[in-house]
Amino acid sequence: MSDASSSSLRKPGVAPASTWSLLRRFWSFARPHRRWIWFGVAMIPLVAGLSTLRPLLLKAAIDTEIPEGDAIGLRVLGIVFLVAVVAEFLCSAVQVYALQRGGHATISDTRRTVFAHVLRLPARFYDNNAIGSLLSRTTSDIEALSETLAFGVFTILTDVVMIGSIVVAMFVLDAQLTLITITVAPVLYVLVRYFGAALRRLQLEVRKAQAAQTGFLAEQLTGVTVVQLFGREQAALKEYARLGERNLDATKRANLLDALLFSLMDGISAFTIALMIYFAAPSVTSGGAITLGLLFAFVDYLQRVFGPIKEFSGKLATIQRASASLERIYGLLDEPAEGGGATADALAHWRGAIRVRDLRFRYKSDGPDVLRGISFDVAPGEVIAVVGRTGSGKSSLGRVLTRFYDGYRGSVALVTPDGDVELSDMAPAELRRRVLMVQQDVFLFDDDVAYNVSLGDPELAGDRHRLERALEVVQADHVIALRGGLGFAVGERGANLSSGEAQLIAFARVAAREPTLLILDEATASVDSVTEQKVQRAIETLLAGRSVIVIAHRLSTIRRADRILVLRQGEIVEMGTHDDLMAKGGAYAEMVAAGLDEGEIADADASPDSDVGADVGAAGVAP
Amino acid sequence: MTGTFRFLAGYARRNLVQYVLGFAALLATNYAVVRIPALLGDALNLLEGRSALLEGRGAAVLAQARGIAVELMFLAVVVIAVRTLSRVLFFNPGREIEYRLGIDLFERLLGLQRPYFNRHKVGELISVASNDTTSVRLLVGFVGLQVINVAVAIPMHLWQMATTDVALTVWCLVPVAFGAAYMRWTVKRFFTMVRDGMQQLARLSDRVLESYSGVGTIRSHAAEAATLRRFDERNGEYLALQLRISAIRSFGMPVLGFSGLVGAGAVLWAGGNRVIAGELGVGDLATFTALLVSLVSTLTSLAWVVGRGMVATSRVAELLHTPDELPPVQRPLSIDGPPRLEIRGLSFTYEGTTRPAVDGIDASVAPGKTLGIFGKTGSGKTTLVNLLTRVYTPPPGTVFVDGVDVVEASLADLRAGMAVVPQAPFLFSTRLRDNITLADANPRARGKAKPKAEREAPEPDPRLDAVLAAACLQDDIAQLPQGLDTVVGERGVMLSGGQRQRAALARALYRHRPLLVLDDVLAAVDHNTEAKLVAAIRALRSGEGGSAPTTIIVSHRTSVLEHADEILVLDHGRLVERGTHAALLRQRGLYAETHAHQEGQGMDDA
């Protein structure tokens with residue numbers, strides 16, 4: 001994760017929200033599952049009460065039944081004790097389960113909400129945030145919440161109620177003796193507070209060191225062939241050892257504190273019991289208010305109070321960790337989603353005509369314009385080829401017309417018989433059902449061919465016939481049938497298909513959807529010649545019968561266009577048919593002479609990874 | 001089981017002194033831990049006898065009871081010291097073992113070859129190297145402690161209980177024994193589920209990553225709803241498993257503690273009866289209950305850690321002992337000048353497939369000459385290159401460098417003489433500069449160790465400048481935020497495919513070795529750049545700055561191969577044509593046909 005990504009997720013100048021307000025907002029996710037949570041919370045006093053009851057039974061036995069030799073009374077007490085134990089076990093199990101169930105369901109919903117939101121974030125957001133950091137918001141940060149909900153918040157609540165009820169019971173039994181035992185409380189407070197805080201800091205350091213080490217490991221293993229081919233094994237190993245040492249060092253320090261805290265609690269528990277006996281002894285021997293049974297009960301209580309206190313600090317830490325995660329998650333959720341607009345079908349009668357006037361656009365508000373006053377028309381069914389060198393703005397044009405990027409100036413009118421509709425007034429999702437952009441890099445999902453063509457569109461997904469027909473239109477039917485048909489699994493990022501076949505699938509998506517306006521960013525990376533011919537024929541099929549803006553690299557495609565727009569530095573320098581422009585001998589003719597093929601190097605003037613959907617981390621290890 | 005222990009003992013041997021001292025501290029701890037309940041019982045027994053003693057010896061009893069209380073306080077302080085010591089002494093070696101294991105695992109992984117990495121996903125290996133070593137650490141640290149607990153603490157508890165009362169010991173141990181047995185079984189089940197949970201989380205992450213990476217495609221096709229459904233499948237699956245884990249956690253895990261309470265009930269009932277019968281002091285009941293509590297907590301932590309650690313240890317041991325599948329090194333190889341390369345009847349079939357990926361290839365490249373390899377996707381070009389660079393081990397007697405069969409030489413010797421650009425360029429998340437000068441320094445150490453402010457201006461490196469020019473990278477670098485010092489790779493600025501390829505090319509040129517292998521490195525660059533790169537590579541060949549390297553260049557574009565001294569044309573793994581560019585064009589075969597086609601796409605027919 002780069003520094004830029006984390007800082008852009010946090011709004012500058014806003015103070016970090018308090019843990020409480022973060023948790024309160026979180027309640028909105030928990031609300032649907034509140035029955036489980038309330039049920040679990042309601043069980044807490046019951047569990048605490050039952051566990052406070054046990055020592056009282058013990059006290060009764062020691063003070064009454066045993067001295068009086070009442071064997072029957074003792075049996076009754078024994079049975080009551082066992083019943084209380086079973087009841088406590090069941091109540092506590094049900095309570096824990098209910099809270100965990102409510103917690104996990106809440107987490108699951110939160111993850112879904114984050115995922116759904118990220119899918120709707122604008123392309124600019126993706127430019128500024130590494131996908132890795134978005135992924136960790138959706139998985140690791142949410143997992144940190146899970147830890148808190150499952151072990152933190154509610155167990156702390158349980159512990160507090162438990163300790164409270166024990167202290168109350170102790171006070172009721174004997175206030176003076178309770179006060180004596182409570183003298184250790186300030187010591188405990190100091191220990192938990194300072195040791196706990198120090199321990200937490202160290203644990204944070206340990207986690208950071210671990211993350212660095214694991215991250216390094218992951219990258220070296222992904223690029224292991226490069227490491228091996230370049231003989232970098234020893235250097236990598238040394239670096240790994242260095243990162244490991246840092247980890248080891250922090251761990252050892254944390255370990256010392258942890259051991260000390262653990263032992264202190266253990267020792268103080270025994271110490272307090274001794275202290276109590278020391279002060280209670282005179283009263284017991286002189287037949288005072290303190291009975292032997294009372295001492296038994298106190299010993300039992302004291303043994304149980306220290307356990308939860310010991311873990312207090314750790315649990316508080318998980319809550320703090322969770323609030324850091326929550327802050328990051330909210331930062332993401334508060335990012336505005338893609339712009340809205342008309343959802344009513346204003347484009348019902350649109351036939352693909354658009355009128356672009358003085359279109360200007362820049363990626364960053366302080367950046368240069370990449371489109372500088374472009375005007376052209378597209379008639380229904382017209383094929384327009386856009387050509388230009390890298391950085392001329394031709395890819396940007398497609399991104400603006402599909403509302404991947406908002407904030408253009410000038411006007412883009414979708415001309416319909418019912419009147420013009422301004423592009424920015426249309427909801428993006430609605431618009432993209434009519435205007436389909438096919439990018440250079442075909443992105444395939446790890447699923448079968450059917451899914452990759454339908455992309456889950458409910459109308460298409462269930463209709464094998466339409467999918468097959470779409471493959472047929474782009475002449476991919478034979479290739480796909482050879483592979484195993486619609487059910488063929490294309491593999492991760494389409495690893496099981498050649499790049500030509502992947503292109504054909506992308507075209508089949510178009511054929512299945514029949515958009516009114518197609519924006520085609522032609523791929524440059526050439527494929528083998530047989531597939532290449534198929535790809536060209538498929539493109540020609542797609543160009544027929546609809547309005548098309550094709551960002552063209554192949555001469556064959558350009559010659560098929562009705563008109564050619566030549567872009568240079570964000571401006572249209574020439575417009576006309578191939579023959580006209582060749583005759584003119586201007587910029588276009590020059591380009592043709594120099595060879596049209598443009599690399600897939602992203603527009604140089606665009607922000608660094610503006611190809612939304614570009615394949616990230618292409619380094620695979622497959623043969 | 002014994003294998004696991006022998007494996008761990010090998011690692012633990014170095015920390016013997018710590019373990020011996022830790023053992024002493026542990027003995028002291030456990031002695032104090034069982035003494036405390038016994039003293040508690042004694043004190044209560046004394047106080048219980050008050051009625052008989054009230055007549056005159058009350059003061060003496062009181063003094064005695066208080067004496068015991070003071071002894072208890074003293075023991076409490078002792079416990080703090082010795083327990084801390086025992087935990088530090090036992091846990092620290094565990095950490096050190098984890099550290100050493102991690103390094104050994106990484107070293108092993110770095111020595112393993114491509115076929116292994118094809119069989120195992122990186123995520124899975126990372127899980128072994130990080131999660132499993134942690135479990136092993138718990139096993140050697142915690143379990144070291146616990147195993148000794150079993151050998152020392154449990155017998156001491158039992159002994160203390162039995163000396164107090166044998167019959168009562170049997171009474172309260174019966175439920176605890178059942179509880180412990182159940183716990184052992186449950187913990188195993190629990191960790192299997194936790195492991196499944198981690199795998200499902202990984203699958204969920206894969207899906208999220210795929211969706212975020214493909215968000216452009218999802219958006220263009222308005223497929224958000226379907227994507228969300230696909231996400232829901234995995235998310236729901238994960239939730240279901242989490243709920244099953246929760247059920248075990250809430251109903252199964254507390255069973256051992258519950259059995260301890262049942263034992264306490266038995267103490268109350270059976271013990272009470274024995275007190276009534278005059279066979280036991282009332283304070284002994286407190287001793288029993290306290291010992292029981294302490295015993296149950298020991299058993300609980302034992303069950304937790306052993307269940308988790310054993311599985312992990314076997315997995316770690318398996319990975320550490322994975323053979324590298326490399327043939328034995330039989331002779332030294334030193335590639336000092338441009339080598340002669342020979343391929344004799346080379347065939348190779350990938351594991352799990354039946355059709356050979358390359359089939360009966362023969363070729364010979366004289367020192368300093370260039371061999372071109374041409375073919376379409378799937379024709380076996382990359383396989384051939386991977387065999388020449390021994391990413392896959394070729395069959396013996398098929399590939400020779402300077403007359404030495406490559407399988408008889410060591411990988412290090414062979415690779416020391418070559419610079420390779422693999423088909424999928426890989427950049428590390430370090431500065432671009434470090435990625436290119438990879439061969440000279442550890443990129444990571446240099447890139448990360450120094451904070452930005454302290455980084456002195458880089459020393460001028462004429463070789464680097466020359467390489468950047470040759471790879472046409474200068475314009476790209478000028479546009480990066482920090483130029484050559486920009487961090488690239490997954491955690492840095494994402495470069496385009498063409499930029500990545502040229503950076504990888506620059507890296508190989510910088511390495512400057514007598515054998516240069518370029519696997520389809522110009523696939524993602526445009527025609528103009530391609531021409532410049534080809535010219536740069538040719539300039540290299542013509543011997544600028546030293547002798548020309550022997551070069552192997554793979555491409556599906558004829559324009560890249562024109563200048564090669566010989567071109568092999570592959571189709572379905574077989575050699576179908578061979579010759580110079582001119583000769584191949586005259587043959588009017590696959591090569592000539594593709595050439596005509598590719599040229600036609602460019603400018604010639606305009």
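Okay, let's start with a sheet in chain A: four strands, open, in the order β2-β1-β4-β5, with antiparallel pairing. Strands here are DSSP runs of E, at least two residues, helices are runs of H or I, at least four residues, and both are numbered from the N terminus. Two strands count as paired if DSSP finds at least two bridges between them. At the edges stand β2 (371-378) and β5 (419-422) of chain A, each with a single partner strand, so one side of each has no neighbour in the sheet. Neighbouring strands are turned by 20 degrees against each other on average, direction ignored. For angles, the axes are lines fitted to C-alpha atoms, for helices over the stretch in contact, and the values run from 0 to 180 degrees between N-to-C directions.

Before I go on, the ground rules. This is a predicted model, where local features need pLDDT of at least 70, side-chain atom pairs count only at pLDDT 80 or more, and totals for chains, interfaces and linings use all residues. Residues are numbered from 1 along each chain as its sequence is written, while chains are lettered from A and ligands numbered from 1 in the order in which they are written.

Back to that sheet. Strand β4 (residues 409-416) of chain A is joined to β5(A) by 4 bridges, running antiparallel, and Leu414(A) sits opposite Val421(A) in β5(A). Which helix lies across β1, β2 and β4 of chain A? That's α13 (residues 394-401) of chain A, at about 65 degrees to β2(A).

Chain A also has an open sheet of 6 strands, β6-β7-β8-β3-β9-β10, and there the pairing is mixed. Its edge strands, β6 (435-438) and β10 (571-576) of chain A, each pair on one side only. Between β9 (residues 563-568) of chain A and β10(A) there are 5 bridges, antiparallel, with Arg568(A) opposite Glu571(A). Helix α23 (residues 587-594) of chain A lies across β3 (383-388), β9 and β10 of chain A, at about 85 degrees to β9(A).

Now a helix. α11 (residues 233-285) of chain A has 53 residues and reaches 76 Å from first C-alpha to last, close to the 78 Å expected at 1.5 Å a residue; that expected span is 1.5 Å times one less than the number of residues. There's a kink of about 40 degrees at Phe279(A), shortly before Pro282(A). The bend is the angle between axes fitted to the seven residues ending at a residue and the seven starting there. Just after α11(A), Gly287(A) takes a positive phi of about 70 degrees.

On to domains, with bounds from an automatic or database assignment. In chain A, the C-alpha centres of domain 3 and domain 4 are 25 Å apart. Their contact takes 13 residues from domain 3 of chain A and 12 residues from domain 4 of chain A, where contact means C-beta atoms, placed from the backbone, within 7 Å. Helix α20 (residues 529-543) of chain A gives the most to the domain 3 side, with 8 residues.

Chain A averages a pLDDT of 81, and 89% of the residues score at least 70; pLDDT is the predictor's confidence in each residue, from 0 to 100.

Definitions and conventions. Contact = placed C-beta atoms within 7 Å.
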